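Here are a few notes to read alongside the model.

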Amino acid sequence: MSRALLLTLLLASPAWGDPPDGGANVSVIVEPDGATTIDVKRGTVAVKSGGTETRVGAGEAVRAQKGKPLKRM
């Protein structure tokens, strides 16, 4: 009886209805001078540079250079 109840509770869990979060897939390139390019392949990431934060989504890229604002590519 307790096994049937446990199985019912597990199958009724809302977690089974949610798709797994695959996170983000990104490419990061850091140049010798510290300039950084972030290319987002899947998902969304928050990028912070020079006190400014922006969201970058799949298919987008940004470049951060010291002393300059983020540049969308």
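1. D39 comes out as partly exposed, at a relative accessible area of 24%; the label covers values between buried (under 20%) and exposed (over 50%), with a 1.4 Å probe and protein chains only. K41 is also partly exposed, at 49% relative accessibility. These two residues, D39 and K41, form a salt bridge, and their closest N and O atoms are 2.8 Å apart. The term means a side-chain nitrogen of Lys or Arg within 4 Å of a carboxyl oxygen of Asp or Glu.

2. A word on the source: this is a predicted model, where local features need pLDDT of at least 70 and side-chain atom pairs count only at pLDDT 80 or more, while totals for chains, interfaces and linings use all residues. Residues are numbered from 1 along each chain as its sequence is written, and side-chain values use heavy atoms, leaving out hydrogens and water.

3. How many salt bridges does the structure hold? It has two. E60 and R72 meet in one, at 3.5 Å from N to O. E60 sits in the loop between β4 (52-57) and β5 (61-64) and R72 in strand β6 (residues 71-72), so the pair ties together parts twelve residues apart in sequence. Strands here are DSSP runs (E, at least two residues), numbered from the N terminus. Both partners are partly exposed: E60 at 34% and R72 at 45%.

4. Now look at V26, V28 and V30, which make a nonpolar surface patch of about 250 Å². V28 belongs to strand β1 (residues 25-30). Patch members have over 30% relative accessible area and no salt bridge; nonpolar side chains are joined within 5 Å, like charges within 9 Å.

Key:
Areas by Shrake-Rupley, 256 points an atom, 1.4 Å probe, with all protein chains shown as cover. Helix = DSSP H or I, 4+ residues; strand = E, 2+ residues; numbered from the N terminus.
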